[in-house]
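Reader: I'd like a close look at one part of this protein, the surroundings of the second ligand. Could you walk me through that part, and then through whatever connects to it?

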Amino acid sequence: MNLAVVGTGYVGLVSGTCFAELGNHVICVDKLEQKVDQLNLNEIPIYEPGLEELVRKNKDAGRLAFTTNLTQAVKEADIILIAVGTPETETGAANLSYVYAVAEEIGEALDDTFKVIVNKSTVPVGTAEEVEEIVRRKKREVNINVSSVPEFLREGSAVHDTFHPDRVVIGTSSEKAASMLKELHLPLTENIVVTDSRSSEMIKYASNAFLATKISFINEIANICDLYEADVHAVAKGMGLDHRIGPKFLHAGIGYGGSCFPKDVKALKYLAEDKGYQPNILQAVNDVNEIQSRRMVEHLDRIFDGDISGRTIAILGLAFKPNTDDMREAPSVKIIQDLIKQGAAVRAFDPIAIENAKKMLPDEVEYVDSALAAINGADAAFLVTEWDECKSLTPKQWKESLKQPVVVDGRNALDKESLKAEGIIYHGIGRK
Ligand SMILES: NC(=O)c1ccc[n+]([C@@H]2O[C@H](COP(=O)([O-])OP(=O)(O)OC[C@H]3O[C@@H](n4cnc5c(N)ncnc54)[C@H](O)[C@@H]3O)[C@@H](O)[C@H]2O)c1
Ligand SMILES: O=c1ccn([C@@H]2O[C@H](COP(=O)(O)OP(=O)(O)O[C@H]3O[C@H](CO)[C@@H](O)[C@H](O)[C@H]3O)[C@@H](O)[C@H]2O)c(=O)[nH]1
């Protein structure tokens with residue numbers, strides 16, 4: 001099939017490339033000329049394991065191309081995928097201006113042949129219908145269907161997730177569109193749910209909100225564990241073995257970040273409130289997450305009697321999770337701002353996110369190029385992102401490098417017993 005993919009962020013770039021790998025002919029469009037030039041030189045603007053080789057291979061095979069020319073890409077396509085950003089606005093609602101702008105451009109570019117327009121961006125319920133209206137306003141007699149096929153990939157394992165999805169959701173009112181979209185996705189999975197576009201849009205928000213709920217729930221349990229000297233690790237294990245609960249997304253820590261969970265929980269909350277419904281669970285999920293990253297600084301305050309001014313704190317990991325250089329809504333930002341406000345000096349390490357981090361963090365932060373260099377001579381260390389390089393420091397290295405043997409593990413990723421055995425003052429989140 002011939003595909004046009006509009007937007008070359010995580011979703012557009014990864015899904016476009018993977019569809020090319022499956023034998024489709026894919027043209028990816030972005031309005032940023034510099035990004036398209038980079039992609040044409042095989043320079044991948046994001047860090048995503050396995051992606052660069054796949055882009056190169058499919059470009060060389062003539063199945064994948066990058067352009068700023070939306071009109072040409074639309075003309076050649078049977079299916080047009082919209083994969084532009086839907087960031088958070090001040091009210092918490094999703095900003096749909098990029099989606100609407102693309103709908104207008106597609107409307108202007110369409111000819112008479114039947115095309116399926118697919119919304120892959122995460123959007124409020126009813127957006128597929130709105131996009132169809134915008135396109136038809138441009139060309140009344142146009143032969144199209146607008147469907148919703150939400151994306152469920154995770155950053156850092158995006159290529160793997162795209163080739164091995166748990167399910168594909170197709171929301172459409174057209175049998176022809178459903179059959180074309182099924183044909184496109186069948187090589188990936190047989191678990192294809194076909195529904196209407198409104199339910200499909202809701203499936204995406206509900207899935208992200210549910211996963212975020214699991215995280216805020218276990219974080220709340222961790223906070224209570226702290227008060228009663230129970231260990232949330234053991235608690236999560238004991239809970240997760242119940243098949244009805246499951247072990248995943250029960251890892252307590254400093255809260256969820258990234259470009260999706262924070263904004264999507266708020267956007268769904270906004271959708272409910274906009275119709276006069278008070279979504280109490282979503283509110284609580286968000287509230288718990290907003291303060292969870294403060295737990296690390298609280299631990300430090302306790303150790304240093306509330307005065308950390310003049311202390312050097314090593315920050316291990318800046319990205320919102322390992323295997324990505326994405327700093328969007330990374331808990332490290334709030335933590336570092338807090339530390340600096342209290343007069344501490346911050347020395348930070350991340351294997352790949354430092355360049356992105358510099359754009360968001362205070363100028364006072366010192367950056368170093370290894371985990372060991374970060375902890376060398378520091379008064380305490382914070383594990384903020386559980387990169388392998390940070391987790392693999394030995395108890396001896398921690399002990400010999402830190403000025404004071406204080407380690408606050410915001411991801412509960414370190415072996416607390418061996419650290420304690422080495423004489424290190426260890427604090428996890430909800431771990432006695
Ligand atoms: N990042 C993820 O892991 C992920 C996973 C699932 C779903 N989503 C959802 O997918 C959508 C895209 O997310 P992302 O992280 O890939 O976005 P992004 O913001 O990283 O990238 C969007 C791209 O679209 C381009 N763009 C904007 N307007 C354009 C236009 N008119 N024409 C051509 N290109 C245009 C931008 O230049 C940018 O390169 C969002 O709705 C997000 O919530 C993201
Ligand atoms: O048990 C857990 C699991 C995750 N996290 C945190 O939750 C955030 C999100 O993690 P993850 O879901 O792995 O990353 P994303 O790439 O943001 O992916 C989520 O958001 C995407 C965008 O919508 C969806 O497509 C994915 O299905 C969904 O998992 C990160 O800060 C993690 O550190 C925890 O704190 N505890």
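Author: Ligand 2 lies between two domains, because domain 1 (2–195) and domain 2 (240–428) both give residues to the shell around it. Those domain bounds come from an automatic or database domain assignment. Before going further, keep in mind that this is a predicted model: local features need pLDDT of at least 70, side-chain atom pairs count only at pLDDT 80 or more, and totals for chains, interfaces and linings use all residues. As for the labels, residues are numbered from 1 along each chain as its sequence is written, while chains are lettered from A and ligands numbered from 1 in the order in which they are written.

Back to the shell. There are 20 residues around ligand 2, and the ones that come nearest are Glu-155, His-251, Tyr-256, Gly-258 and Cys-260. To be near, a residue needs its C-beta atom, placed from the backbone, within 6 Å of the molecule. Sorted by class, you get 10 nonpolar, 6 polar and 4 charged residues. Here Ala, Val, Leu, Ile, Met, Phe, Trp, Tyr, Cys and Pro count as nonpolar, Asp, Glu, Lys and Arg as charged, and the others, Gly among them, as polar. Helix H9 (residues 197–228) gives the most to this shell, with 3 residues. Helices (H or I, at least four residues) and strands (E, at least two) are DSSP runs, numbered from the N terminus.

You'll find Cys-260 in the loop between helix H10 (232–240) and helix H11 (261–274). Cys-260 counts as buried because it has 24 C-beta neighbours inside 10 Å. The cut-offs are 20 or more other C-beta atoms within 10 Å for buried, 12 or fewer for exposed, and partly exposed in between, with C-beta atoms placed from the backbone.

Leu-250 has its place in the loop between H10 and H11. With 20 C-beta neighbours inside 10 Å, Leu-250 counts as buried. The unreviewed UniProt entry lists Leu-250 under "binding site", along with others including Glu-155, Lys-204, His-251 and Lys-321. The annotated positions span 170 residues in sequence and their farthest two C-alpha atoms are 24.2 Å apart, so they do not all gather at one spot.

Now for the other ligand. Of the 26 residues around ligand 1, Gly-7, Gly-9, Gly-85, Ser-121 and Thr-122 come nearest. The elements giving two or more residues to that shell are H1 and H5. Its make-up by class is 12 nonpolar, 9 polar and 5 charged residues.

Strand E1 (residues 2–6) has 4 of its 5 residues buried, and 5 bridges join E1 to strand E2 (residues 25–29) in a parallel run. Two strands pair if DSSP finds at least two bridges between them. From E1 the chain crosses through helix H1 (residues 10–21) to E2, and this β-α-β crossover is right-handed. That label applies if, with the strands pointing away from the viewer, the path from the first strand over the helix to the second runs clockwise. E1 also pairs with strand E4 (residues 79–82), in the parallel sense, over 4 bridges. E4 in turn pairs with strand E5 (residues 115–119), again parallel, over 4 bridges. Here the chain goes from E4 through helix H5 (residues 97–109) to E5, in a right-handed β-α-β crossover.

Notes:
UniProt positions are given in the numbering used here, feature names are shortened, and annotations may be inferred rather than shown by experiment.
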